[in-house]
Amino acid sequence: MAIPTASPLRLPVPHSPWVPFPKLKTRCRKSTADYCHRYHVTARWTRAPPPSPPARRGGGANRRLRGLVQRGELDGALHLVDSISGGGKHPAVIPCNILIKKLCADGRFADAERVVEALGPSATIITYNTMVNGYCRDGKIDAARRIIDAMPFAPDTFTYNPLIRALCVRRRVLDALALFDDMLLRGCSPSVVTYSILLDATCKESGYKQAMVLLDEMRAKGCKPDIVTYNVLINAMCSEGDFGEALKVLNSLPSYGCKPDAVTYNPVLNSLCSSERWEEAEKLLTKMFSNSCAPDEVTFNTIIASLCQKGFVDRAIKIVGQMSEHGCTPDIITYSTIIDGLCKGRRVDDAVKLLSDMQSYGCRPDIITYTTVLNGLCSSERWDDAEELLAEMVHKNCPPDQVAFNTIITSLCHKGLVNRAINFFDQMSEHGSIPNIVTYNCIIDGLCNKMCVEDAMKLFDSLQFSGCKPDIVTYNTVLKGLCSVERWEDAGRLMVEMIHNNCPPDEVTLNTIITSLCQKGLHWQAIEFLKLIPEKGCIPNSTTFDIIVGELLKAGQTQGAFDLVCGMGNSCPLDVITYNRVIASLSKSCKMDKALDLLNVMISKGLYPDTTTYQSLAFGLSREDGMDRAIGMFRRVQDMGLSPDTMLYNAMLLSLCKNWRTDLAIDFFAYMVSNGGMPDESTYIILIEGLAYEGFSDEAKELLESLCSRGVVNKNLIEE
């Protein structure tokens, strides 16, 4: 699918075809008076006794009941049901079934059960199924089971389906399958709807492959899957990223006697577009048309959304222009998607233009559309235009909500325009929008970044009067502000308050305080804080220790970092990264004994060296005085239970050669071979290049020729 060049923004005015319906001649029902008049005219000739006018069905009370139910006057209908049953009669079952459905929809289940009781033996299985369905829709599964157990009829498929669906919606798939088994034991044959419900739930819970087992069982029991069943499976396949399998099922549908519809094609199209397989998507669209399957709004919106996400907004606009040709009208989702794509492409003027034109296209912008444009204006720092758009929203009877205000307030705070953000904050109540904790957090963060910590504290203290409870983000933001101005005592009191208010410090809290202390040069205070905080129920993790170790090393306090890591014990599992940083620092400082001591601690904790560890050790070992000393250190590594592999040997050889100590490298190579080390091609290349760099070109060439003749080294890999 070729991507066209940019074209001017021009969206067609959508129109919906108007099809005049033919006028039908209505039949007028004869009145009772006309009926009697016709009799008197003919009675002169027949002398037959005059028949009675046709009797109205149901009697007066039931007629009134139908009228009350149709008009939605539930209390009046309920009173009439009580009156009829109180007179020893049973109300008409059909209006009562409708009344039960409406009462359940209103959550008046006790009243609905009164109607069932009033029907008595007149109640049908539809009556009970309506009651079961009402309870299931409201999530009252136990009540639905109680109705089923009390039914004077054998439950049918329409009884079980709502209960199975209710269980599946609540992710109680095992309970739903158990009910399905009970259904079979009672001799009730499941319908295709039953299987489709279970297939959908199984796909979501265990994946489509598990659902295929249920599909095979469905076919084995003689229940033929319909297009809804296959749509469930295809959608699940696409959701799991296996759209190749989805295409296979889609192509095989005609052999199963099923004709794909738009719902079938849409998820496959979405998957193809999301992975930028445009040609395949175009072929599938062509196939869709050839199968007389008209695309719907979802089809078009799927393609448009994918194009916009990939930055092909102009192509998406052309697709919008084609919608009316296929009987589809762009909706609010279509326009909002295009506007979002324009804003992300920094074409905010085009987005604003489309927003203003939407009304003429017969589509009224909603809060999401406005907020999208608002975000685009803020991203371009067009604050005045954003303010005008907020005013327009109020004028167009689409007042800005919390999200709209938070969008502009967040953007302003990030740009350091806190005072302007506060002005919008003050406007929120005027438009019926109450600031939430996100709003407060943005303003507090903005004030702290501007070093207006006292103002941030005042706003924080006002939270208790606004009905807004601070969350962990609020506390961490205020703590960061207090630490930035070195108000350590206030920070300590705030941490106590956090624990008291059931909002315990988290990783961000600890890292904020430790980073602030270290940046102020208070490393030992940071370490003391690290030791005390577990008493408050907050256990530091490896990231926290990595921060303080990094700050100590940055300040040149390698010994302090070494003592901290070695003294950790088992209170916190440090990761390899932290150990590597200290080992590297010790190796550079030629403190190999301590580096190897720390390596031993690392191994005792169940951590094993990686490439970075070996490179640091090799760098330090290669700088030791004399080969005996280097080999002695190397043997210490072996004594720790590590079997040096080729990677460690090569790292050692490379470090020696880089330090112009190729003679020692050759000796170390001999030690490597004598100890069972297996040289690889990289080993020989290191030695050859080391000899060449130190001026031993003839020796290097001789060694290269020898190794090449034996097929050990590829000559092309050696730098000339």
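User: How many helices and strands does the protein chain have?
Analyst: The protein chain has 40 helices and 0 strands. Helices (H or I, at least four residues) and strands (E, at least two) are DSSP runs, numbered from the N terminus. This is a predicted model, where local features need pLDDT of at least 70, side-chain atom pairs count only at pLDDT 80 or more, and totals for chains, interfaces and linings use all residues. Residues are numbered from 1 along each chain as its sequence is written, and side-chain values use heavy atoms, with hydrogens and water left out.

User: What share of the residues counts as buried?
Analyst: 45% of the 720 residues in the protein chain. Buried means under 20% relative accessible area, exposed over 50%, and partly exposed in between (1.4 Å probe, protein chains only).

User: And how many of the contacts join residues at least 24 apart?
Analyst: Take the contacts in the protein chain between residues at least 6 apart in sequence: 60% of them join residues at least 24 apart. Contact here means heavy atoms within 4.5 Å.

User: OK, let's look at some helix pairs. At what angle do helix 6 and helix 7 pack?
Analyst: Helix 6 (residues 125-137) and helix 7 (residues 141-150) pack at about 165 degrees, and their axes are 8 Å apart. The axes are lines fitted to C-alpha atoms, for helices over the stretch in contact, and angles run from 0 to 180 degrees between N-to-C directions. So helix 6 is roughly antiparallel to helix 7. For the wording, angles under 35 degrees count as roughly parallel, over 145 as roughly antiparallel, 65 to 115 as roughly perpendicular and the rest as oblique.

User: Which residues make that contact between helix 6 and helix 7?
Analyst: Helix 6 brings Tyr128, Met131, Val132, Tyr135 and Cys136, and helix 7 brings Ala143, Ala144, Arg146, Ile147 and Ile148. By class, the contact of helix 6 with helix 7 has 9 nonpolar, no polar and 1 charged. Ala, Val, Leu, Ile, Met, Phe, Trp, Tyr, Cys and Pro count as nonpolar, Asp, Glu, Lys and Arg as charged, and the others, Gly among them, as polar.

User: How do helix 27 and helix 29 cross?
Analyst: The axes of helix 27 (residues 472-484) and helix 29 (residues 507-519) come within 10 Å and cross at roughly 5 degrees. That makes helix 27 roughly parallel to helix 29. Ile472, Asn476, Leu479, Lys480 and Cys483 in helix 27 meet Val508, Thr509, Thr512, Ile513 and Ser516 in helix 29.

User: What classes are in the contact of helix 27 with helix 29?
Analyst: There are 5 nonpolar, 4 polar and 1 charged residues in it.

User: Switching to helix 23: which residues are buried there?
Analyst: In helix 23 (residues 418-427), the buried ones are Val418, Ala421, Phe424 and Phe425. They sit on the same side of helix 23, because they cover an arc of only 115 degrees around the axis. The arc is that of the directions from the helix axis to the C-beta atoms. As background, an α-helix has 3.6 residues a turn, so residues three or four places apart point the same way.

User: What do the buried residues of helix 23 pack against?
Analyst: They pack against helix 21, helix 22 (402-414) and helix 24 (437-449).

User: Now Thr202. Is it buried or exposed?
Analyst: Thr202 is buried, with a relative accessible area of 7%. Thr202 lies in helix 10 (residues 192-206). Leaving aside neighbours within four places in sequence, Thr202 is in contact with Val173, Gly207, Gln210, Ala211 and Leu214.

User: How far apart are Thr202 and Cys168?
Analyst: In sequence they are 34 residues apart, and in space 8.6 Å, C-alpha to C-alpha.

User: And Ser616, where's that?
Analyst: Ser616 is in helix 35 (residues 611-621). Ser616 is buried, at a relative accessible area of 12%. Setting aside neighbours within four places in sequence, Ser616 is in contact with Ile583, Ala584 and Ser587.

User: Last topic, the loops. Where is Ser292 found?
Analyst: Ser292 is in the loop between helix 15 (278-290) and helix 16 (297-309). Ser292 has a positive phi of about 55 degrees although it is not a glycine. At 60% relative accessibility, Ser292 counts as exposed.

User: What about Asn502, buried or exposed?
Analyst: Asn502 counts as exposed, at 68% relative accessibility. Asn502 is in the loop between helix 28 (488-500) and helix 29. Asn502 also has a positive phi, about 60 degrees, although it is not a glycine.
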